[in-house]
Amino acid sequence: MIVREHEKEFTMIEQNHHADTSFQIMRNWREDLFRKNALRNSMEYAIAKHDCGWRPFDIEPFWNEKDQAPYTFMNFPEPAKIVLYKNGIDEVEASDPYAAALCSEHYSRFLVNNKDVASRKFIQHEKERRERIFSSISSFDQEAFDFHYALLQLGDNLSLYLCLNEPEPTAENIHPFFKKGVAVSEPLKSFLDGTIQPNWKRENHIHLDPFPFKNPFTVTLKQKTVKKTAISEQGLIDSYISTPYEEVTYQFAEK
């Protein structure tokens with residue numbers, strides 16, 4: 001769950017909905033800036049489904065007693081994260097092994113510095129999964145895979161930029177993840193110069209510099225605004241379930 005806290009309410013975004021917004025963004029990526037077009041559908045499927053393991057955890061969210069707020073993807077207990085990571089990758093692999101390898105790479109990097117037994121087992125299991133998938137692909141191209149993974153990361157980061165920030169963030173209140181812009185990983189740096197700088201022209205209208213997409217485009221993000229009074233009276237799960245989804249529209253354009 002992605003959560004923004006306000007005085008009287010929480011804005012709550014399910015990870016699967018964030019991933020769908022990532023997909024809406026990256027399906028607009030320019031064809032001339034893509035490698036191995038035959039794998040584009042798999043790359044886009046990985047982006048759309050990379051957080052599907054969170055779905056059963058987010059539809060009935062957990063309450064963090066210590067913080068008196070819903071658990072978020074940043075403070076959710078690590079052992080449970082490992083379970084949902086694996087379940088999500090298994091689900092993706094059943095439909096598209098190459099997409100699953102991209103998701104496997106994504107989650108393995110989250111845990112790479114963890115020393116606990118469960119994390120080390122997960123990382124080893126996922127390494128073996130990727131090796132098995134790669135060996136089944138004729139003429140597997142590691143450079144193309146790294147490029148596709150960089151696009152997954154970028155879509156994830158651009159969607160998180162929307163989810164974690166209030167509309168029209170200032171230098172003072174922008175989320176710490178994005179103080180220097182939206183990060184770009186190595187395979188994209190040759191033409192994106194390290195970061196993408198979002199510039200809010202007005203509420204929900206964002207100009208990107210540089211703009212590696214085909215044309216200006218629009219995306220939607222599903223979220224819920226859950227009142228703190230409702231949580232106090234009904235508990236988090238019941239108040240979350242009874243709160244309707246809202247759809248927020250964002251427009252992206254070139255600087």
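# Cavity, pockets, a helix and salt bridges

Visitor: How much space lies in the largest cavity?
Guide: The largest cavity holds about 30 Å³ of space. Keep in mind that this is a predicted model.

Visitor: How many cavities of 30 Å³ or more are there?
Guide: One.

Visitor: Which residues line the largest cavity?
Guide: Its lining is made up of Met1, Phe57, Asp58, Pro61, Phe62, Tyr71 and Phe76. By class, six of the lining residues are nonpolar, none is polar and one is charged.

Visitor: On to pockets. What volume does the largest pocket have?
Guide: The largest pocket has a volume of about 520 Å³. Its lining comprises 26 residues, and those nearest the centre are Phe73, Phe110, Asp156, Leu160 and Phe177.

Visitor: Which elements give two or more residues to that lining?
Guide: For the largest pocket, they are α1 (15-26), α4, α5 (97-111), α7 and β5. The lining residues of the largest pocket split into 13 nonpolar, seven polar and six charged.

Visitor: And the second largest pocket, how much space lies in that one?
Guide: About 150 Å³. Strand β6 (residues 195-202) gives the most to the lining of the second largest pocket, namely four residues. Among the residues that line this pocket are Tyr161, Phe178, Lys179, Gln197 and Trp200. Seven of its lining residues are nonpolar, four are polar and one is charged.

Visitor: Back to α7. What span should its 23 residues have?
Guide: Helix α7 covers residues 142-164, and at 1.5 Å a residue it should span 33 Å. The C-alpha atoms at its ends are 32 Å apart, which agrees with that figure.

Visitor: How many residues of α7 are buried?
Guide: 19 of the 23, so α7 is largely enclosed by the rest of the structure.

Visitor: What caps the N-terminal end of α7?
Guide: Asp141 does: one of its side-chain oxygens is 3.0 Å from the backbone nitrogen of Glu143.

Visitor: New topic. How many salt bridges are in the whole structure?
Guide: A search finds 19. One of them is between the side chains of Glu166 and Arg4, at 2.8 Å from N to O. Glu166 is in the loop between α7 and β5 (182-183), and Arg4 is in strand β1 (residues 2-5), so this pair ties together parts 162 residues apart in sequence.

Visitor: Is Arg4 buried or exposed?
Guide: Arg4 is buried, because its relative accessible area is 10%, under the 20% cut-off.

Visitor: Which residue does Lys86 form a salt bridge with?
Guide: Asp90, with the closest N and O atoms 2.8 Å apart. Both residues lie in helix α4 (residues 78-95), four residues apart, about one turn of the helix. Lys86 is partly exposed at 32% relative accessibility, and Asp90 is partly exposed at 29%.

Visitor: What about Glu93, which residue is its salt-bridge partner?
Guide: Glu93 forms a salt bridge with Arg132, the closest N and O atoms being 2.7 Å apart. Glu93 sits in α4 and Arg132 in helix α6 (residues 117-135), so the pair links parts that are 39 residues apart in sequence. Glu93 counts as buried at 18% relative accessibility, whereas Arg132 is partly exposed at 45%.

Visitor: Which residues do shared partners join into one network?
Guide: Salt bridges with shared partners join Lys86, Asp90, Glu93, Glu126, Arg129 and Arg132.

Methods: Residues are numbered from 1 along each chain as its sequence is written. This is a predicted model: local features need pLDDT of at least 70, side-chain atom pairs count only at pLDDT 80 or more; totals for chains, interfaces and linings use all residues. Side-chain values use heavy atoms; hydrogens and water are left out. The expected span of a helix is 1.5 Å times one less than its number of residues. Buried means under 20% relative accessible area, exposed over 50%, partly exposed in between (1.4 Å probe, protein chains only). A polar contact is a pair of N or O atoms within 3.5 Å; within protein, one must be able to donate a hydrogen and the other to accept it, and residues adjacent in sequence count only if both atoms are side-chain atoms. A salt bridge is a side-chain nitrogen of Lys or Arg within 4 Å of a carboxyl oxygen of Asp or Glu. On a 1 Å grid over the protein atoms alone, a cavity is a set of points where a 1.4 Å probe fits but cannot get out, and a pocket is an open set with protein on both sides within 12 Å along at least five of seven lines; lining residues have an atom within 4 Å of a point. Grid points are joined across faces, edges and corners, and a volume is the space filled by probe spheres set on the points. Ala, Val, Leu, Ile, Met, Phe, Trp, Tyr, Cys and Pro count as nonpolar, Asp, Glu, Lys and Arg as charged, and the others, Gly among them, as polar.
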